[in-house]
Amino acid sequence: TSTTTTTIPFAERAPVAIGESVMRGALPQLQTGGFAVYAEENKGPNWVGETLATLRTNNSLGPTVVVQVGTNGPVSQEQYDAIMTELADSTTVVFLTIKAPVDHAPANNERINALPQRYPNVRVLDWTNLGTQIEGELSRNDGGIHLRTKKAQQFYANAIFESIGRPDLVVALDDV
């Protein structure tokens, strides 16, 4: 984690994407779209909250943040609230739903889908259903959780770009 503090005005700071290994799979595509990406394997809500707190302290969080957390285990309402505490100043916060054949996915998705009622700056990107459009491009050994191909990675990144109102960043899948 970087300890540098930025002096870039809040409104001009790069969008931040923070998440787990699924997001890490689209790291180059998100970076090409101008995102600062913090995505690690086997991480959960506490790491997301701590990383966001560090970014906020370093003035590295801006108006747009995308969060993907909940694949690796259950996330409590308190943990989602703690994440949102760090994102109170961000005007656009997008949470992706979980697409994984795991017992905790429905409860996590229910909490994610309820976030916009609690926080007016939150939008939900329904990765659970969107990901089914590229099922054949996803990993086979874990039930289709991870982005297996360049096409899947770009599809995921494109969904994020659309969700933050930046269709200009979308790359045609035929070009991948």
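## Order of the elements

Followed along the sequence, the chain runs through the pattern β-α-α-β-α-β-α-β-α-β-α-α. In total, this predicted model contains 7 helices and 5 strands.

## Overall dimensions

The C-alpha trace of the chain spans about 45 × 35 × 30 Å along its principal axes. A compact globule with 176 residues would have a radius of gyration near 16 Å, and the chain agrees with this because its own value is 15 Å.

Among contacts between residues at least 6 apart in sequence, 65% join residues that are at least 24 apart.

## Surface and charge

The chain exposes about 8300 Å², and carbon and sulfur atoms supply 48% of this area. Its side chains include 13 positive and 19 negative ones. The centres of these two sets lie 3 Å apart.

## The nonpolar core

Of the 176 residues in the chain, 49% count as buried. In soluble globular proteins, nonpolar side chains tend to be buried together. The largest nonpolar core in this model has 50 residues, and those with the most contacts inside this core are Leu30, Phe95 and Tyr156. Helix α7, which covers residues 150-163, provides the largest share of the core, with 7 residues.

When its neighbours within four places in sequence are left aside, Phe95 is in contact with Val67, Tyr80, Ile83, Met84, Ile112, Leu115, Val122, Arg123, Val124 and Leu125.

Technical notes: Residues numbered from 1 in each chain as written. Predicted model: local features only at pLDDT ≥ 70, side-chain atom pairs only at ≥ 80, totals over all residues. Heavy atoms only, no water. Helix = DSSP H or I, 4+ residues; strand = E, 2+ residues; numbered from the N terminus. Rg over C-alpha atoms; globule rule 2.2 N^0.38 Å. Buried < 20%, exposed > 50% of the residue type's maximum accessible area, 1.4 Å probe, protein only. Contact = heavy atoms within 4.5 Å. Areas by Shrake-Rupley, 256 points an atom, 1.4 Å probe, with all protein chains shown as cover. Lys, Arg positive; Asp, Glu negative; His and termini not counted. Charge placed at Lys NZ, Arg CZ, Asp CG, Glu CD. Core = buried A, V, L, I, M, F, W, Y, C linked by side-chain atoms within 4.5 Å.
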